[in-house]
Amino acid sequence: MTQAPHHAPVLGDGHEMRRMVAGSVPEPEGDVPGWVVDDRVHAFAIDDVDLDGDRDGDQHAGLVALRLPERDGEAAQLAWQLDPASRGKGLAAGALRAVIAHAFADLGLHRVEAYVARPNRPALRTAAQAGLRAEGVLRDYRDGVDALVLGRLATDPEPGTRDAFTAWLNSSLPTKRAIAQALIRDESGRLLVCELVYKKPWDLPGGVVDPLESPADAVLRELHEELGVTGQVRSLAAVSWLPAWRGWDDATLFVFEVSVPAAELGAIRLETREIRAVHWCDDTELAEHAADYTVRVARAALAALDAGEGTVYLEDGRPPDWPRP
């Protein structure tokens, strides 16, 4: 690794970080790109005094590099690496915190970001300790490996605080798509089903739950947007886990029993970009026009409602096998 000159400026975070001079080229190891250190790149070498016992020695443990944006208002990019012999001491996280503080306090930047390969769990832990949050995924970022986009704003909570820890967990824990649909029946027990513009199988009215929206609110919103009706949730009839299917990730489906005034059902106003028509279907007609999993969910939910059994839990529209190992 390129050595840092002793006369270069120093950042402090419990250890020395010496500024590297223009023309130095970090070796492109790990997640650190082969950046040429010039006026747009602030690169610092990290000393590890445990390696030689001398803070003024030539032994360096790694580096942190900050590439400044080309235009005002854009994000700066971070990269770092640490020699294996110096890992487990908090050096990388401390160095990263110091460089981020330098970016915000000394350079006046508002945002820094980094790209870390998803399998690189040590680097992700280092990023979390420095207050960076997971924000998205870059597919096939390098050599066929996906990378996480990590970012921190100058206004984010300071690393080490409870708010910063909560923000990291909230950004990095898995999320699951939620869908809310409605069971609406007429006086003869027929089910209201939508004929859709964008796919052949008919489906129950409803749609995807928006971020920070409850499933019950979502189904009522969808009914108003797509059919122009005002519904009232009477009960949660079924919850069904939907496995991955034809390019879609798995999801959780909430099926609600919903009542709608008869006058509104007689004057439905379709959102024609999504709904071609609505139909009142008995069980035979539903099986003829809807997808198999929709038929299974609807039958199980209606059976539970009619039997007074309360909410039924399903997986792909079927009762799960209990007990499980």
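Modeller: A residue counts as buried under 20% relative accessible area, as exposed over 50% and as partly exposed in between (1.4 Å probe, protein chains only). This is a predicted model, in which local features need pLDDT of at least 70 and side-chain atom pairs count only at pLDDT 80 or more, while totals for chains, interfaces and linings use all residues. Residues are numbered from 1 along each chain as its sequence is written, and side-chain values use heavy atoms, with hydrogens and water left out.

Colleague: How many strands does the secondary structure of the protein hold?

Modeller: Helices (H or I, at least four residues) and strands (E, at least two) are DSSP runs, numbered from the N terminus. On that basis the protein has 8 helices, and its strands number 15.

Colleague: How many residues apart in sequence are the parts that Trp245 and Tyr293 tie together?

Modeller: Rings of Phe, Tyr and Trp (its six-membered ring) pair if their centres lie within 6.5 Å; planes under 30 degrees apart are stacked, over 60 edge-to-face and the rest tilted. The whole structure has 3 aromatic pairs, and that of Trp245 and Tyr293 is edge-to-face, with 5.6 Å between centres and 65° between planes. Trp245 lies in the loop between β12 (232-242) and β13 (251-259) and Tyr293 in helix α8 (residues 292-306), so the separation of the parts they tie together, in residues, is 48.

Colleague: How is the aromatic pair of Tyr313 and Trp322 classed?

Modeller: Tyr313 is partly exposed at 39% relative accessibility, whereas Trp322 is exposed at 60%. Their ring centres are 6.4 Å apart and their planes 35° apart, an arrangement classed as tilted.

Colleague: Which residue in β6 does Gln77 stand opposite?

Modeller: In strand β6 (residues 111-117), 7 of the 7 residues are buried, so the strand is largely enclosed by the rest of the structure. Arg111, Glu113, Tyr115 and Ala117 point one way from β6, and Val112, Ala114 and Val116 the other. Strands pair if DSSP finds at least two bridges between them; here 2 bridges join β6 to the parallel strand β5 (residues 76-82), and Gln77 stands opposite Glu113.

Colleague: How far apart in space are the C-alpha atoms of Leu223 and Ile268?

Modeller: Leu223 lies in helix α5 (residues 215-227) and is buried, at 0% relative accessible area. Beyond its neighbours within four places in sequence, Leu223 is in contact (heavy atoms within 4.5 Å) with residues including Ala182, Ile184 and Val258. Leu223 and Ile268 are 45 residues apart in sequence, and their C-alpha distance is 9.9 Å.

Colleague: Which residues do salt bridges that share partners join into one network?

Modeller: Arg221 meets Glu222 in a salt bridge at 3.3 Å, N to O, and forms another with Glu225 at 3.1 Å. Glu225 and Arg221 are 4 residues apart in helix α5, so about one helical turn separates them. Salt bridges with shared partners build one network from Asp210, Glu213, Arg221, Glu222 and Glu225.

Methods. Salt bridge = Lys/Arg side-chain N within 4 Å of Asp/Glu carboxyl O.
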